[in-house]
Structures are given as C-alpha cells and as structure tokens.
Amino acid sequence: MHRPLLLIGHGTRNTQGRQAFMDFAQAYQALDTSRPVFPCFLELTGPSIQEVVDRCVAQGYTELSALPFLLFAARHNKFDVTNELDRCRSRHPQLKFHYGRHLGIAPSLLDLWRLRLAELDTLEANPRQISRAETVLLFVGRGSSDPDANSDVCKMARMLWEGSNYLTLETCFIGITHPRLEEGFRRARLYQPKRIVVLPYFLFTGALVEKIFTIAQAEQEKNPETLVSCLPEMGIQPELMQLVRDREIETQLGTVAMNCELCKFRLTALEAGGDSPLHSHEPAVPEHGPGHFHAAHAPDSHGSHHSHGSHHSHGHQDTHGHHHHEHSHLNVDQPADYHQRIWQVP
C-alpha cells in the first residue's frame, strides 16, 4: 500500500542519537519510495508527533500507519504515543491511524547480536584470546517502569545467552529499574571471570549509551586484571531495516499481535471491574466522541481486542517545554520504594 508511515522515535537531546534516527528514517525511505516516511519523536527533541501529523494533514493525507520505533512495549508504547495520536485525532477527526507494534524480541535481532559477539572473539578484539567459558555476558537494558517490558529485556538476554558458551549471564539496567549497571558489574565479578562483555541493548547512541561506556571504562580502570569489552549500540543495520519493514506490513495487513497477559495496565483495569474495552496497543476505541480513534482493530495473541483507554497524563514538562513520561513520584534510586510501587499505575 502507498499509505504514509509515521515512524515514531523516543527522542533524545543527544545530537548524534537524534541524527542516527533521522539517518535511519532516510535510509528506510530510500528502500521504498512508493510512500513517504515521516520521522518524528515522542519527547526531548523535534519534530514532534503533533507537528508531523499536521504536516501530513496539510498534504492531504487522511490515513497513516504509525509505528513506535521502540525495542520493548512499556508506558511510552502503551500510553504516551497513543495519547499523542489521540490528540491528533481530536484536532483532525478525519484521520485514521493504523498503529503498529514495537520491535520486540525478534530472531533477526538475535542473529545480529550473535554476529556482534562473534566479532569480539577475533584476535584483534580479544588479544588475550580469553575463552567464552571464562567470560561473563553483561546485558544492559534501558530500564522501564513497566515490569512487562523489563521481563522482555531479561528474556531477550537469556535467549541470546542460550548456547553461547559464555560462563554466565547477568542482566541489568542503566536507569529506572534495578539492578543497575554498577550492580551488574559487581555480580559479574563474583564469578571471577577473565573478561566481561558489556552489551548495551539500544538502537542508537544517546546520553544513556554514553553513560554505559563511561561506567564500563571506570570498571576497567578499577579492575585492570579483568578485560572489559563494550559493544556499540545497534545502529543502522539490514536486520533492523527488515524488522521495521515487517512491522509496517503488519499495519497494512491488520495482523498486529501483542501479548497483554502480564501488562500492569490491563491488570489494573481488570481489578477495577469494568466491562469496557480494557487493553489496546493500538489507538482503537469507539469512533464517536472527541479524542477517540477509528483505527484498525488488531487482536492480541489470545484473539481478543483490548483498550488501554485514551485519556492519560502526558507527564510533566521541563523548562524547555518537553514532556517526560516516566513517573517523577517514583524514587527509582531506592530499591525498596521501587519494588513497593512498581506495579502501581499512575
């Protein structure tokens, strides 16, 4: 189909990270020029979703595929992006969105990281020729306030580790949740490895990726007897291009499928005891009424339609007018507070 694609990135204040996303969108557009690709960001930088949708409307489009260019489905994917699209729909009632799913755990991404890890076995990258049996794999996710997304990070890490012959695997996060990267290094050293391989599970560079590199370098200087090897972020790769293509085609064929069983937003809605639509990863709610979507309904893996609802907070704004959607009331630096409140829905 020639339906335009709204490619929605998280957003970063890091100039290189922002440019990497824009370069990806440009390269992806070049693969198929039969329809336009409109890159935009949820927060922290521009162009915003609102700005790009307004541009699409001005060009006469009434139907858009909207793809969250996110690794895992957390609050941003389930609430914040759909809220932004809801705002667009309230201002442009003629618009119809076909909302796609996040990238998720995909065989092609596993293959990509396996190749990256194989490169670390070469003499150039591993001059001491330390075996995998003497190496700990330290998998670093971004971290989320959604336990469902954090569990997917652990699943991705485990699937990558299976059959890899590494001594063991430690999974940690750089923000929001625990264990943090520093704790990941502490746990990794308990095995007394000769090498620790750090895998930052990020699409592009940014402040958090740079923080990972900084911490890894400090760990290397503090413990020179253990080699610390840090892989780069994913970057613009053919496997990533193909996966985005698959996700876009899903929006066109109406085959978007998501597993919602352990989503805290769905569980909270169920506890409330309502019979209204409960859980949707696409903006699919009744056509009538301001601010609602008329979008292609996509069943989840259990064959049912759910709805998160469409009216949720957009978070607080900083002094530059940017939205921050993570929960400011949650003291993420205190594990006790975090564990007590993580399943609460704001």
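The legends below describe several close-up views of a predicted model.

In this predicted model, local features are described where pLDDT is at least 70 and side-chain atom pairs count only at pLDDT 80 or more, whereas totals for chains, interfaces and linings use all residues. Residues are numbered from 1 along each chain as its sequence is written, and side-chain values use heavy atoms, with hydrogens and water left out.

**View 1. The protein as a whole, with its helices and strands.** The secondary structure comes to ten helices and ten strands, where helices (H or I, at least four residues) and strands (E, at least two) are DSSP runs numbered from the N terminus. Of the 346 residues of the protein, 55% count as buried; buried means under 20% relative accessible area, exposed means over 50%, and partly exposed lies in between, with a 1.4 Å probe and protein chains only. Among the contacts with a separation of 6 or more, 76% come from residues 24 or more positions apart, a contact being heavy atoms within 4.5 Å.

**View 2. Helix α1 and its buried side.** Helix α1 takes in residues 15-31, and its 17 residues reach 25 Å from the first C-alpha to the last, close to the 24 Å expected at 1.5 Å a residue; the expected span is 1.5 Å times one less than the number of residues. Its buried residues are Gly17, Ala20, Phe21, Phe24, Ala25 and Tyr28. They cover an arc of only 135° around the axis, which puts them on the same side of α1, the arc being that of the directions from the helix axis to the C-beta atoms. These buried residues pack against β1 (5-9), β2 (37-41) and α8 (238-253), while the face turned away from them carries the exposed residues Thr15, Gln16, Gln26 and Ala30. At the start of the helix, a side-chain oxygen of Asn14 comes to within 3.0 Å of the backbone nitrogen of Gln16.

View 3. The 13 residues of helix α4 (residues 107-119) should span 18 Å at 1.5 Å a residue, and the end C-alpha atoms are 19 Å apart, which agrees. Buried in this helix are Leu109, Leu110, Leu112, Trp113, Arg116 and Leu117. Seen down the axis, the buried residues of α4 fall within an arc of 160°, so they line one face of the helix. What covers them includes β5 (135-141), α5 (147-161), β7 and α8, whereas Pro107 and Leu115 are exposed on the face turned away. Arg116 lies over the face of Trp113, at 5.3 Å from the ring centre; a charge sits over a ring if NZ of Lys or CZ of Arg is within 6 Å of the ring centre and within 35 degrees of the ring normal.

View 4. Rings of Phe, Tyr and Trp (its six-membered ring) pair if their centres lie within 6.5 Å, with planes under 30 degrees apart counted as stacked, over 60 as edge-to-face and the rest as tilted. By this rule the count comes to ten aromatic pairs. The rings of Phe69 and Phe204 have their centres 5.9 Å apart and their planes at 40°, so this pair is tilted. Phe69 stands in the loop between β3 (63-68) and α3 (75-91) and Phe204 in the loop between β7 (195-200) and α7 (207-222), so that the pair links distant parts of the chain, 135 residues apart.

View 5. Cys172 lies in strand β6 (residues 168-173) and, at 0% relative accessibility, counts as buried. Leaving aside residues up to four places away in sequence, Cys172 touches Leu138, Phe139, Val140, Gly141, Pro179, Arg180, Leu181 and Gly184. Pro179 belongs to the loop between β6 and α6 (181-189), and a cis peptide bond with omega of about 0° joins His178 to Pro179.

**View 6. The loop between β2 and α2.** Leu44 is found in the loop between β2 and α2, where its phi is near 75°, a positive value in a residue other than glycine. With a relative accessible area of 15%, Leu44 is buried. Pro47 has its place in the loop between β2 and α2 (49-58), and the peptide bond from Gly46 to Pro47 is cis, with omega near 5°.

Technical notes:
A polar contact is a pair of N or O atoms within 3.5 Å; within protein, one must be able to donate a hydrogen and the other to accept it, and residues adjacent in sequence count only if both atoms are side-chain atoms.
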